[in-house]
Every structure is written in C-alpha cells, then in structure tokens.
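I opened my notebook to look up how this chain packs on the inside. Here is what I jotted down, friend.

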Amino acid sequence: MNYDLAARQRLGRAIRAARISAGFSNREVFAAQIGRSARQVQALERGESGVGPDTMAAAADLVGWELEQVYALLEGREEPGPTSPSLTSVSDEDLAAEVLRRMKAGGEHGGDTAATKDPGSGPDNVTPFDKGEEIRRFPGRAARSTD
C-alpha cells in the first residue's frame, strides 16, 4: 500500500526519535546495524517515497518496535511515543551517562534505592566520578581508566 507524504513523515520523525533514544545518534552506525546505507535511513526519516517495507521493518526491530507499530503510525492509528531502548542497543557511554543523570536527579524515577537518594545523603550515593575514577571517551565506547 502506498502512504501519503504526511504519513511517511510521521513515521520518519518517530523512527528518528526512537533511533536517537536507543543510543544511535550516528545515522551511519544505525544504518550499518540494519544492513542499509545511511542514505536509505535518511530517506526513511525524511518520509521520502521508495523506502521499502523491509527497511522499515529492520529499523523498527532495532529500536525495539513491533512491525504493527510501523503500520499503526503510517495509518494514523497511533501517535509516536517514547521508546524504551534495549540495553544491547545503547552504548556503554550513553548508559553510564543516563545512570549518572538519574542519580543526580534524586528520586524522580521512584524506588527506594541508593540511586534515588538525595545527593550527598551518605556513602551509598558515591559515584565513580566521586572516587576520582576517570572515564575516557572513545568514539561510541566508554572505558574505565586502569591507572
């Protein structure tokens, strides 16, 4: 079935948001993971015509969507929402940054754990950064200093 430009663009915006949310800020890396070119992913995200259902399905799978979500978006039956990326699709660096962000946010995500206590509330709330450990940045990876 052919979908109009507005439908394809709605899907494209949702796929792009899900790709970034899943930790793939680099389109080329995402494209390689689904076996497509960066240009094909760009066409999908822009809502261009000619993007095949196999490309849509591969992108949806990598961001953790069911194929039905793709068609629901195309048909206007579902609004794009936040996605919960799988841990295997998020880089170590992005995961560590998100954990640190949540620890500093203090309790906004609920639960009674050390990660949600107020900053400075005791020894349970010590991060690797507080201990003087350094995280070196490499393209797409995080590595702990062994010094």
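I began with L11: leaving aside neighbours within four places in sequence, L11 is in contact (heavy atoms within 4.5 Å) with L44, M56, W65, V70, L73 and L74. I note that this is a predicted model, where local features need pLDDT of at least 70, side-chain atom pairs count only at pLDDT 80 or more, and totals for chains, interfaces and linings use all residues. Residues are numbered from 1 along each chain as its sequence is written, and side-chain values use heavy atoms, with hydrogens and water left out.

I found 25 residues in it, and L11, F30 and W65 have the most contacts inside. At least two core residues come from each of α1 (5–21), α2 (27–34), α3 (38–46), α4 (53–62) and α5 (67–74).

Then I checked the whole fold. I see six helices (DSSP H or I runs, at least four residues) and two strands (E runs, at least two). Along the sequence they read α-α-α-α-α-α-β-β. Of the 147 residues, 29% count as buried. Among contacts with a separation of 6 or more, 48% join residues 24 or more positions apart.

How values were computed. Core = buried A, V, L, I, M, F, W, Y, C linked by side-chain atoms within 4.5 Å. Buried < 20%, exposed > 50% of the residue type's maximum accessible area, 1.4 Å probe, protein only.
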